[in-house]
Amino acid sequence: MRSFEWVDAQSIDEAATLLAATTANAPVIAKAGGMDVLDLMKEGIVQPTRVVNLKAIRSLGDVKLDNSGMQLGALATLAQIERHAGIRSHYRALAEAAAHAATPQVRNAATIGGNLLQRPRCWYFRNEHFHRVADPDHSEHQHHAIFENQQTVMVHASTLATPLLAYDASVHLTLGKGSSRSVELKDFLLPPSMKRDRDTIIADGEILTHISVPPIHPATRCAYHKQTERDSYDWPICDVAVVLQMNGDTVASAKIVLGWVAPVPRRAVDAEEILISRPLDDRSASEAAAAAVHGATPLAKNAYKVPVLETVIKRTILAAR
Amino acid sequence: MSADAFEQRSLSAGIVGAAVKQVTRKVPQGEPPPWPANAELQVVGKDVPRMDALDKVTGRARYTFDVQLPGMLYARTLNSTLPHARIKSIDTSRAEKHPGVRAVHVLDRLLMAAELRDPGDEAREPYPIVRFTGQPIAAVAATSARAAEAALALIRVEYEPMPHVTEFEAAIDPGSPPVFPGPTEQQATAGGGGAAKGLPQKGNLRGPSKGGSRGEIERGFKEADVVVEGEYRTQVQTHTPLEPHGVVADWRDEELTIYASTQHVMSVRDEAAEIFKLPKEKIRAISDYTGGGFGAKYGIGNYGTLAIHLSRKARAPVRLVLDRREEHVSVGNRPSTLQRLKIGAKRDGSLTAIELHSFGTGGVAAGAGVGMCHHSMYPCPNVSIEHYDVFTNAGPCAAFRGPGQTQGIFAFEQAIDAVAARLGIDPVAMRDKIDTRDADDVRARAAERRIGAEKIGWSRRRAPGSDAGPIKRGIGMAQSMWPYIVNSYTTCEIRIAGDGTVEAFCGTQDIGTGTRTVFAQVVAEELGLRAEDVRVHVGDSRFPPGPPSGGSRVTSSLTPAARNAAHAAARDIASRVAPLLKAPPDELIFKNGRIERRGDSKTSLGFAEALRRAGIETLVHRADRRDDYEGYARKAGELNISPHAIGGVQFAEVCVDTQTGAVKVERVVAVHDCGRPINPKLVESQILGGVTQGVSYALYEDRRLDAATGVQLNANIDQYKIVGSRETPQIEVHLIELLGGQSSTDARGVAEPANVATAAAIANAFFNATGKRIYTLPMTPANVLAALRAE
């Protein structure tokens, strides 16, 4: 790791000003929990001359939940989200995703903002060697995308993005001095690339301040499942979030989002349609799961992900009952 | 040695509490009287707490990683970025001028890899040919690790790339790029390994070696009622010790001191002496603590060579500790295998033919065998073995906890299970039928099968694939076998000061197994003291020779020498104290910290008081490890292999999600023998480690290389997956106490047998759960779903 300068920003404006000074030769990066940033710096993939620590900005850590929905401060930790009683009862899929991310130690430090902004976990991306040579051919792609994998086979790493997309979350960004914009999460995430220094549309100097989620309908049922090789701590084979609005015993509307199977988390629109106006049972769930994986384009070494995903979709739909 | 004269002695042999009989053995004169069973001993056989536990949990224990010397420099290694290349030139001039840099050294000889039988043109190469990505080339020593790291980037290496091959399937193709231009040899190291000499080599295929073949294989299959065939694959596993390989080398005019994270301080000294052409007396190797060693920590390696050169050049101590990536890539691994195994058996289960056609891939190193189980575990008149080593442009293999045998048993014990299934014989009954050699391990396994079957609840085992739903449970078992090895070059020294201080010395090392504690217990038993009364000194090549911590041979080698030295000291003390107690020396016994007359506890003195009153200043006694009373089946230098092996039987209970391919090992019952257990708690700890590592091998660990670059993609402990706390099954350990009448302690090892059978037991449980065989490790969802789909 190269030497770098550390600045504790005291306010959003100060942080924005510091970050705006970034140049190709003297990169300035923001650090929240530092989980991903530290990994990238140790590997030499990110070599900042200055690191702007956002953790001192207290207001960025708030979680607000009321009738108008939920606001998650960018610095809210995964542990905070996992334990928040309101999130657990109203946005269960999100609480579950937080609870199954990484390890307890990491969850205590990792933030929701950092989680959304983290770089892919692809083992080519994570190896400095492949940043020095031409495009790697990703021949070891057993953990990679089975959908939309023509441009890139890498998948976005955030597992919290999966339920947040199912809850129609938006991301709020600022350049400081009162400016701000909000973007729907589905438009915020970009297919990962080794040629860019980020996999979102966030601009230089911009700070992710919070995430907002619309209020939840009382007749909503939701579930989340992350399928892994190991239980203790592992990156997913796939993860699935299901948010269903019920009309009595039948489904009125459905959101099904699939993570770690496409460059960005993928809405299973065909599966959602199958569920509409039908009761939640083994048959409807099976049909929806089959529709969701229809058209998958697995690679030579990751075809196993297709049946795993199908099973996880079906089980997660049924878990939302 | 004063052991020229022998006497006939009647000794107990067999399993304590089950079947002990008297045997007659030719015992060297002067051997201490045999110990009774553990229940009648004071310190040996008891769960004495690990002596260094407090030092370890408080951080006081000094590992090589922690060694800090005045003026010490930090070294970092420059590793090849190509998988196969000639190095045309290396320019270190800019690195040498970098601030803080004190020395730069370029490696002129590569250790660990196979060597050309005839170096030919390569002898004229200015630098060793690069044969794997990550191969060490040079190193820099600087006043900080950061400065050394920065200087590495200033070294210019001009490569001439050569075609490479990293995949086994591609490497066996006759048209694939050869890793070596001609036939090779692989020397054994102190840790074992090496490859049979003079074997043919075509392209990347070295072999076949046919050791263990006998009889007429075709006739054997003709006589068989059933023939079972299978093609088994195992992956490359890296050792991943918590403390990576590393040394601190301190070159002085008068002496070279090497602090090393090692399994054998003597091998560190000896390899350094050979490479630097120094007398052994001028080298001191020290290892207070080693943070894990599973077969790859022997000698000084390339990193040690570099550190010593740098220290010599810089005239300062140099610390070179590998980073996690280097640890995965360049210092050893368990080779992958492909085993085509065909077994013929009669209707009653008896084996008529075993045919093995196997390949092992140890990267740039040879010696990727599959163990001795196929030809030596069960009697079978017709055996045909053909094994090939396959070279690839990948990091070298090294011995790894049950080298060969762990891979071999995965295939062989599944094949036996498959024969049993075909014949409709219960797997336990099948082993009762075929496990019939006349040896201790055979008798041990018979008892262990009974215990294990009862503890796991074998009677509730159902037909394969009995569960109706997608989640299927099953039980399986597999047997272990590992040679009982004795290291003859082993001497213990006991020093007793007049104030009652007892010190024990041996140039072995404690790599976390509890060697210090076991050593102390044996000495304490003879002197009637507590284990904590004995100060144990290990991990220093200045001490009398001690065994390497590998091959499951420390306890078997060390404890008889320790007991004999302590026994001699006790008799010496008895003869001096006898006049004070007015009793014949023969009648004095050492018990509860006192020296007393047998049957008359009033006639006694405290240990220290007795020494003081007898006017003893210092007593020194030494004893060597004598040969086993029955001798050995084979000897190779200091390594002796008993005709009796070490057994062990493991039972596993698994749960398979047949829709996601997730395998969970819920429970393992491990029943083991290690001769006389000196410290059952420490033995249990070793077995817990062996099973855990076995589960990790069976389910997760898998080195992955990028074929285009030879880069290991998961050279970390994030993407290289190792079993975690939630995947660790409930493990129950049961030990038997097996007396062999072979040495003054009758202790044997257990580290390797504890690891050998686990993957096979899990695989057999997988079959019982699903009705399908899992031929490929690790049991990832991808491999599991493929196995479940197969016909």
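A:Glu148 counts as partly exposed because it has 17 C-beta neighbours inside 10 Å; a residue is buried if 20 or more other C-beta atoms lie within 10 Å of its own, exposed if 12 or fewer, and partly exposed in between, with C-beta atoms placed from the backbone. This is a predicted model, in which local features need pLDDT of at least 70 and side-chain atom pairs count only at pLDDT 80 or more, while totals for chains, interfaces and linings use all residues. Residues are numbered from 1 along each chain as its sequence is written, and chains are lettered from A and ligands numbered from 1 in the order in which they are written.

**Backbone geometry**

A:Glu148 is found in the loop between helix 8 and helix 9 of chain A; helices (H or I, at least four residues) and strands (E, at least two) are DSSP runs, numbered from the N terminus. A:His138 is also placed in the loop between helix 8 (129-132) and helix 9 (161-166) of chain A, and A:His138 counts as buried because it has 22 C-beta neighbours inside 10 Å. Most residues other than glycine have a negative phi, and most peptide bonds are trans. The exceptions include the following.

| Site | Feature | Value |
|---|---|---|
| A:His138 | positive phi | near 50° |
| A:Glu148 | positive phi | about 50° |
| B:Gly207 and B:Pro208 | cis peptide bond | omega about 10° |
| B:Leu777 and B:Pro778 | cis peptide bond | omega about -5° |

B:Pro208 belongs to strand 11 (residues 205-209) of chain B, whereas B:Pro778 sits in the loop between helix 18 (758-770) and helix 19 (781-789) of chain B.

**Sheets**

In chain A, an open antiparallel sheet of 4 strands has the order 9-10-11-12; two strands pair if DSSP finds at least two bridges between them. Strand 9 (220-227) and strand 12 (266-267) of chain A stand at the edges with a single partner strand each, so one side of each lacks a neighbour in the sheet. Strand 11 (residues 250-259) and strand 12 of chain A are joined by 2 bridges, and A:Val257 stands opposite A:Arg267 in strand 12 of chain A.

In chain B, 3 strands form an open antiparallel sheet in the order 27-28-29. Strand 28 (residues 594-597) and strand 29 of chain B pair over 4 bridges, with B:Arg594 opposite B:Gly606 in strand 29 of chain B.

**Interface**

Between the chains, 23 residues of chain B are in contact with 21 residues of chain A, contact meaning that the C-beta atoms, placed from the backbone, lie within 7 Å.

How values were computed
Two residues are in contact if their C-beta atoms, placed from the backbone, lie within 7 Å.
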